[in-house]
Amino acid sequence: MRSKWKRWAGEYGLFLLTAICLINIWQWVVEAGMVPSFILPAPTAIGESLVNNREILLGEHLPATFLEVLIGFGISLIGGLLLGVSMHFSKILEKVLYPFLIISQTIPMIAISPIFIMWFGYTIWSKVAVTILVAFFPIVVSTYDGLKAGGSEYRELLLTMGAGRWTIFKKVQVPMALPSIMSGLKMAVVYCVVGATIGEWLGASEGLGYFSRRMSSNLQSDSVFAAIFLLSLMGIVLFLFISLLEKKLIKNKIR
Amino acid sequence: MRSKWKRWAGEYGLFLLTAICLINIWQWVVEAGMVPSFILPAPTAIGESLVNNREILLGEHLPATFLEVLIGFGISLIGGLLLGVSMHFSKILEKVLYPFLIISQTIPMIAISPIFIMWFGYTIWSKVAVTILVAFFPIVVSTYDGLKAGGSEYRELLLTMGAGRWTIFKKVQVPMALPSIMSGLKMAVVYCVVGATIGEWLGASEGLGYFSRRMSSNLQSDSVFAAIFLLSLMGIVLFLFISLLEKKLIKNKIR
Amino acid sequence: MREEIGLSNSNMLHIEDLTYTFDRDMQPIFQQLSLDLKAGEFVSLIGPSGSGKSTLFKLITGLLKPGQGKIQIAGNLSSGRLGKVGYMPQKDLLLPWRTVMENVLLPSEIAKEDKREKAHEIRAWLSRFGLKEYENAYPDELSGGMKQRVAFLRTIMTGRELLLLDEPFGALDSLTKRTMHSWLLGLWGELKKTVLFITHDLEEAILLSDRILLLQNRGVLEYKVNLPRPRNSESIYQPEFISMRKELERLIQHEE
Amino acid sequence: MREEIGLSNSNMLHIEDLTYTFDRDMQPIFQQLSLDLKAGEFVSLIGPSGSGKSTLFKLITGLLKPGQGKIQIAGNLSSGRLGKVGYMPQKDLLLPWRTVMENVLLPSEIAKEDKREKAHEIRAWLSRFGLKEYENAYPDELSGGMKQRVAFLRTIMTGRELLLLDEPFGALDSLTKRTMHSWLLGLWGELKKTVLFITHDLEEAILLSDRILLLQNRGVLEYKVNLPRPRNSESIYQPEFISMRKELERLIQHEE
Amino acid sequence: DKSPAKEEGLQKVSLMLDWYPNAVHSFLFAAQEKGYFKKQGLDVDIQMPADTNDPLKLVAAGKFDMAISYQPQVLVARGEDIPVRSFAALVRHPLNQLMVAADSPIQSPKDLAGRTIGYPSIPLDEAIIQTMVKADGGDAGKIKMVDVGWDLIPAMATKKTDALIGGYINHEKLLLDKEGHPMRTLNPADYGVPDYYELVLVGSEKGLKEKPEVFKKFMAAIRDGQKYVADHPEEGLSILLKHEDKSSPLEKDIETKSLEILLPLMDAGDKPFGYQDSVVWEHAAKWLKDTKIINKDIKPEDAYINF
Ligand SMILES: Nc1ncnc2c1ncn2[C@@H]1O[C@H](COP(=O)(O)OP(=O)(O)OP(=O)(O)O)[C@@H](O)[C@H]1O
Ligand SMILES: Nc1ncnc2c1ncn2[C@@H]1O[C@H](COP(=O)(O)OP(=O)(O)OP(=O)(O)O)[C@@H](O)[C@H]1O
Ligand SMILES: [Mg+2]
Ligand SMILES: [Mg+2]
């Protein structure tokens, strides 16, 4: 038990220490009036707002955003992996789809938000759609690029054993692509959080992005930053979760 | 000469064909009134707007955005590589910086737009800052993860030759991390385009993002999409450029 | 036509007029190479480093496509030779993310055989090969010779009639090698496998083979080993054996 | 104390009471192992597969840290042994993204020597090793034996006094091997290098060495080779040679 | 025509618009083009915001000398201790009005019961609707408010909502009309909401106290500008259009109609352009307090200053 705690401290202690230092500097900067609190509220004010709004923040808005992130990430994960794999197997698909994929990333959300609303209305799906749009790209690229990497000797060996493309894919290419894929997933899960936030700007009735926008129009910066704090926390937790998964999956693999 | 053309056609022909098909369907859908043209303008209308606004688009907005993208990507590239490498070498740096890196990705840009303007004013640097914020993450993650990958036997061999960390880094780790890094750069360069666009929303008087937002608020969808077309084009061209570089660099390497 | 089919049917491996070139502007590695392996034969392939022994194996397995000529396995002239022979590559090529057991199970997994049953069988083999305690070790925890033994065992587990072994015992000490020899001879005698065997150890070649093929630029030179079977490791000190070895050495030197 | 230093100074390699264990719960691979190499000696190391020969090399190079005991190179008892010996690993470990020339240049690059000059020298070596045309080939275009020769050449280019060679000629045919032997003997005689040599080929060991060390669980068994120098490949058929080999073989079998 | 020596003597003033340049800003560009600013010794730098809330904050932070904002927003800001003050009323009546389709059965706010109203999730809009429905004798509890994000027009055009609040009669309505979705508007001021100033000019308390003369000069210049635009609407507009043509052309017909709507709403009658009436501020403050948009007691007289 104690050693676990120690490991945990070793892992995150330094970050926490730096964070605490920075937060203190921040507090001091705001208190000294170097930055007006309505532009950058003091950490204590943010904390207060967090406590005051804890019920709606934790009870309503956080779960709503989290749900959007989960659904969006889930779909991106499945779709992105499938697409990356398909593009790996089919040169034609790759040539046709890659440009569209890039196009999808360069379109500013503002331009297609009306289209999303037309298609999905103000349901959760318009937010999920934005999340997918944002998370899809890194997953596809990292899957596709990961599968491209090396291992041709292993592939040849399996061929001589009579293995088909699919078997080789499963037994050689996937294990070798795993580091790259996990790298993409880590990015994607973080983007999902900001994707959901942007999605909530298209129209929502709950969620941290919605809350922050509303508070922003009320000029309550402390509440805006309270929501952002929770968003960041969500991003970090999800990232750590994928990192953990990565360690578990790759642990005894490519060493 | 001819064979070059042929290769080019083989490379992009299929995409162009599909694109032309899709554009035709799109034209038809709009003409048939299935989608209102102010939500999704017809391709011909976009083309017309492109032609009509060619002078300000190509003469003013495109170069402005391109400059932001270039500066932003350049700084992200250097900074991201440096940071990724530093994090690889220093566990402490990694533990301290990684969480901040993730936090930087989860903060909705709109919430901190006043901060950006406070710091950078209406200069090109506010846009560059956003671009960096967006492009930094994939570069750092892919560099860091790429350097983690395998090759311990090669490293040991070089150690016995008396090589220092830096030599091993240059001669073994960089070549092995290259695929992952290039994968990250490809994503980053695409994100740079959208980053510059977002940056221009925070305050600008030129650039394709600025133009598209202005036109959007005036419901001139055709001009919005004309700007988006140019943005996508820029994204694709930059992506292809990095892909080309990737091929050149990795060509005779891990085969 | 009929004759050809008849001829090839009696052979496990039939290669005719094989020509292969890696790069167009380079010299061909083989020109008009022909050879036959009867079912149940044990044949060694020797030749200078870089003469194309491993390449020939890759051609037989179907990994490389011949430029000219034909390759038949058990009378089947088909281009789909992949999966028809048991091939042990020169590098061990153990998958680094799989344990010894998982690596050896690979052919069974591909053939969709019952894993549990096979694992049992493999465990028995592992202890015969002196690898009992390494069932769950990863390849990077093994010595060079151990890896080779695991790779060899993996090839055996393909269960094919024709085995192509590319220097299977190169990294083994003489004692371990001897164990493997007697074991390989046993397998070959019992199960009537056909073996094509690359080695640089002339003693090994003489001890194991019915015939020895000398691969050289000009073609294949055959050397028949007229020693009675069963043979054992003591044979190498017999005068016939030593004279054979000397003859073979002369042949190689002469060819150069 | 003084005596110890005096003793170790005259030796190129001095190992005393070395103990090493990979996993805590496993048996130690060496227990209280001691050995000495005089400057200019040629010593072979033989032993069963998995007995720890390669591990011993990794300990000497400094890649692994000894559990107990000490290792001295040229009298320096320092933990910083990395970069002090020329080490040829059992796997060729050629960098796949570098050509043959670039791979062989690696040690010179690390030592920051003049590349142009070295490239010239290397070209001469390459043609002596029968690799003249492969200067710009990538490792995956080479045969197994060629790769070994390139890795061997790379080790030579480190220019160290003490060379640790882990089965350098394992994948070579007898002719090529012979060329390499005579070449290695020449290098050793001329440049007064000290060589520790892992092999499974007893003939090779006898032909090349001053002493042969038999690595076994219980420690190291020494066998002195009392053959006059210069020796050549014809020697292997001499009666003393054959009797030596038999003796050695008996020794190995007896030890098991 | 500009001699550098003269330029040097000019005092730099930075101004942040409420939104992108449009017809409502004609007087600014006219003042600039016609040299009214220069005549007052000012060199005005005009910038656009990313978010409609930014101008207030940036003025309060001293990054800008002045900004265009909204009267209720100024009061909200004062409630949040953001030190800003209005110094001129630009548009004297609500532009933000309830819109319904021209053929909609909704005739007055009470008909909204059971309907969905799209809005950009600004609490102020909620208060407006509540007040309007209550004043009209309807049941405010039966109204469904739907956040439509930053895109007001598609919500209406794709018929996802029955009514819309948050859009301007001189912009969103005109655009919807043009796209074939004619709209009817219901003015909040007719249904219990005080007739507040839609757009006001704000400065920071500090700035207003330290250099009132700059604001005086500025007011003088924009009064000239507004007079010019009122007298020559076409020319005034063409100055704006010409200015914008360089980067992002505006649609002439829309802006023409917009200016037609705006000019009467900007006219202060017998008072000078920009004059603010204490009654309007008091009513607005009271209403905001009543609807709980503001929870603190604020002094409306401190929220503005007339030059
Ligand atoms: N992928 C390749 N591209 C080009 N040339 C190749 C390639 N693979 C092998 N070669 C060449 O083909 C020749 C034969 O190689 P091969 O591996 O078959 O030799 P080998 O007889 O197995 O030698 P060894 O005994 O050293 O293993 C060599 O000269 C080698 O350089
Ligand atoms: N990284 C490792 N982790 C755990 N055990 C290891 C590791 N590397 C080697 N071993 C074990 O150490 C023992 C000695 O290995 P080593 O490679 O030194 O043998 P060797 O004498 O070189 O054999 P060979 O002649 O087969 O190359 C083996 O039993 C092996 O399983
Ligand atoms: Mg070979
Ligand atoms: Mg070894």
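An oxygen atom of ligand 1 is placed 2.6 Å from an N or O atom in the side chain of C:Ser54, a polar contact in the sense used here (a pair of N or O atoms within 3.5 Å; within protein, one must be able to donate a hydrogen and the other to accept it, and residues adjacent in sequence count only if both atoms are side-chain atoms). The structure is a predicted model, in which local features need pLDDT of at least 70 and side-chain atom pairs count only at pLDDT 80 or more, while totals for chains, interfaces and linings use all residues. Residues are numbered from 1 along each chain as its sequence is written, chains are lettered from A and ligands numbered from 1 in the order in which they are written, and side-chain values use heavy atoms, with hydrogens and water left out.

Ligand 1 lies between chains C and D. Of the 20 residues around the ligand, those that come nearest are C:Lys53, C:Ser54, C:Thr55, D:Ser143 and D:Gly145; a residue is counted as near if one of its heavy atoms lies within 4 Å. Two helices, α2 (53-61) of chain C and α5 (144-156) of chain D, each supply at least two residues of this shell; helices (H or I, at least four residues) and strands (E, at least two) are DSSP runs, numbered from the N terminus. By class, the shell has 5 nonpolar, 11 polar and 4 charged residues. Here Ala, Val, Leu, Ile, Met, Phe, Trp, Tyr, Cys and Pro count as nonpolar, Asp, Glu, Lys and Arg as charged, and the others, Gly among them, as polar.

Oxygen atoms of ligand 1 also lie 2.8 Å from a backbone N or O atom of C:Gly50 and 3.2 Å from a polar side-chain atom of C:His200. Taken alone, ligand 1 exposes 640 Å², and the protein buries 88% of that (accessible areas from the Shrake-Rupley method with a 1.4 Å probe; for residues, only the protein chains shown count as cover).

Between chain A and chain B, 58 residues of chain A are in contact with 61 residues of chain B, contact meaning heavy atoms within 4.5 Å. The area buried between these chains is about 5000 Å², of which carbon and sulfur atoms give 78%; buried area is the accessible area (1.4 Å probe) that two parts lose on being put together, summed over both. The rule finds 4 salt bridges across this interface, each a side-chain nitrogen of Lys or Arg within 4 Å of a carboxyl oxygen of Asp or Glu. In one salt bridge, B:Lys148 pairs with A:Glu246, with the closest N and O atoms 3.9 Å apart. Among the elements that give two or more residues to the side of chain A that touches chain B are α1 (2-31), α4 (91-106) and α10 (221-250) of chain A. The most, 10 residues, comes from α4(A). This side of chain A divides into 40 nonpolar, 11 polar and 7 charged residues.

Chain A also meets chain C, with 19 residues of chain A in contact with 26 residues of chain C. These two chains bury about 2000 Å² between them, 67% of it on carbon and sulfur atoms. A:Thr160, A:Met161 and A:Lys171 supply 32% of the area that chain A buries against chain C, more than any other three residues. The count between chain A and chain C is 3 salt bridges. A:Lys171 forms a salt bridge with C:Glu109, the closest N and O atoms being 2.3 Å apart.
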